[in-house]
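Have the viewer open as you read.

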Amino acid sequence: MGVPEKLAERMSMAEQHEYLRARFSRRTMIRGGAVTLGAVAGGAFVPGATAQAAVPARHTAPAAAPADGAHVAPFGRHLAWGNDPRTEITVSWQVPVAVRKPFIRIGAHPWDLSRKIEAEVRTLYTPAGVGASGDHTQYYLHARLTHLRPGRTYYYGVGHQGFDPAEPHLLGTVGTFTTAPAHKAPFTFTAFGDEGVGYHGLANNSLLLGQNPAFHLHAGDIAYADPSGAGKTADTGFDARTWDSFLAQTETVAKQVPWMPAYGNHDMEAWYSPNGYGGEDARWTLPDNGPDRKNLPGVYSFVYGNTAVISLDANDISYEIPANLGISGGTQTTWLEGQLKKFRAAKDVDFIVVFFHHCAYCTSTAHASEGGVRQEWVPLFEKYTVDLVINGHNHQYERTDVIKGGEVAKKLPIGGTAYPETDGVVYVTAGAAGRSLYAFSAPDTYEGHEHETDSVASFVNTEDGKVHETVGWSRVRYLNYSFLRVDVSPAPRGRQATLKVSGIAETGDRVDHFTVSRTAK
């Protein structure tokens, strides 16, 4: 049963959706397979919610009358999981100017976006005088969706007064997302760090979508709006508008693949309080289950299938770039151990993946290794036999052997298998997403071009400065643009579940692969 023909002639597509939604009962909607009332809940509209830059210029954003919404199109859509990827996700986007009554529509089919939910507005104002930024206001919108059904694909469109994605001529703007399954099942995720805006980031994004990942991990240094990266208001070149370009660049992937970031040193935008993360809070809505939402908004965890993922903020323990050193007062490390202990005991979790920005083990001539990570977190990774650690910071691909106690516990050649329960931990630097590349002190060695080296000269950043070291754990080095693909395969209890990890070049060629194997619970 549809809208009566004579009535339909006078109604827009959106109005027809609302008519049908009001006419049919909840029972009828359930039988028809549509999203039911109460199946989705969103965030509230917060008029005038504003974050602003802390500079001795004008401190209040100029009043902006909403534009004619018919002439304004949303852009920069990006998804992020809530605390439970089976039932929670946030859809975020941007508009170039103020609009009236922003909202999201969601439904079980692209032609049925009958559920309409108001969006939360977060306004980020950056006065002239902050780096290279002009007097600039950014409008970020967020809709938190809860009570979703596991393993279900939903269709959504974002809009505002004057721009309704349910209108026939705007159906091309409709996106999709798929919630995590209720039970263990095979899946793929991808990861990289240090993307920025440019051709190489765009090229890697185009390959990411082809991997069909369930989600993507970004290991920090996201857009490079602050190219200096020291986390200080004295940094030069900061331009808030870089984020507009970044979100437009990543939209092709991020509008349908949850994009889960950790924060790096270039993400400490010191003009926004507190601790330089005010801008990030405007742009992202991430799981809020971390230890300190105010000071550590990029610290959180989630479970997808049989895999627990933990995002950390290494700015808190970085000796190399100490702008935010100690901001958690030790609570992050305490929380991390609690999470590791919980996930190791969880009956449905086989693997634990940890990602953050600064490298635990890397031989790059730029940043190399972070002593704060080795001191604070590496002992916990080993104690709880973390299965995979993913970092960025150094703009190249490097993968270690299996490490325990700072030494090679087991060589892990290309194509080899690691058993964390007995062997140790494998660390991957995947920081070649798009920014200019760094260098190694030893020759490249990767799949099809292996050049084994017994020792590599490097250094580690400590509280007392750089300490030089010669290491034997650098197994794969690839100096070009790339990303990480991880294929997760569960197994029956007592059998071997696996993570098949691959380094993929911007060309699509595989430059590394190895397996992490663990007895399934």
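1. First, a word on terms: "contact" here means heavy atoms within 4.5 Å. Also keep in mind that you're looking at a predicted model.

2. Let's start at Ala368. Leaving aside neighbours within four places in sequence, Ala368 is in contact with Cys359, Cys362, Asn394, Ser458 and Phe459. Its relative accessibility is 1%, so Ala368 counts as buried, the cut-off being under 20%.

3. Where does Ala368 lie? Look in the loop between strand E15 (351–355) and strand E16 (369–370).

4. Now on to E16 itself. This strand belongs to an open sheet of 3 strands, ordered E16-E23-E24, with mixed pairing. E16 and strand E24 (465–471) are the edge strands, each pairing on one side only.

5. How is E16 joined to strand E23 (residues 456–462)? The two run parallel, and 2 bridges join them. For Glu370, the bridge partner in E23 is Asn461.

6. Finally, have a look at a helix pair. The axes of helix H4 (residues 199–210) and helix H5 (residues 242–254) come within 9 Å and cross at roughly 10 degrees. Angles under 35 degrees count as roughly parallel, so that is the label for H4 and H5.

7. Which residues meet there? From H4 you have Gly201, Leu202, Asn205 and Leu209, and they meet Gln249, Thr250, Thr252 and Val253 in H5. By class, this contact of H4 with H5 has 3 nonpolar and 5 polar residues, and no charged ones.

Conventions:
Residues numbered from 1 in each chain as written. Predicted model: local features only at pLDDT ≥ 70, side-chain atom pairs only at ≥ 80, totals over all residues. Heavy atoms only, no water. Helix = DSSP H or I, 4+ residues; strand = E, 2+ residues; numbered from the N terminus. Buried < 20%, exposed > 50% of the residue type's maximum accessible area, 1.4 Å probe, protein only. Axes fitted to C-alpha atoms, helices over the stretch in contact; angles between N-to-C directions. Parallel < 35°, antiparallel > 145°, perpendicular 65-115°, else oblique. Nonpolar A, V, L, I, M, F, W, Y, C, P; charged D, E, K, R; others polar. Pairing = 2+ DSSP bridges.
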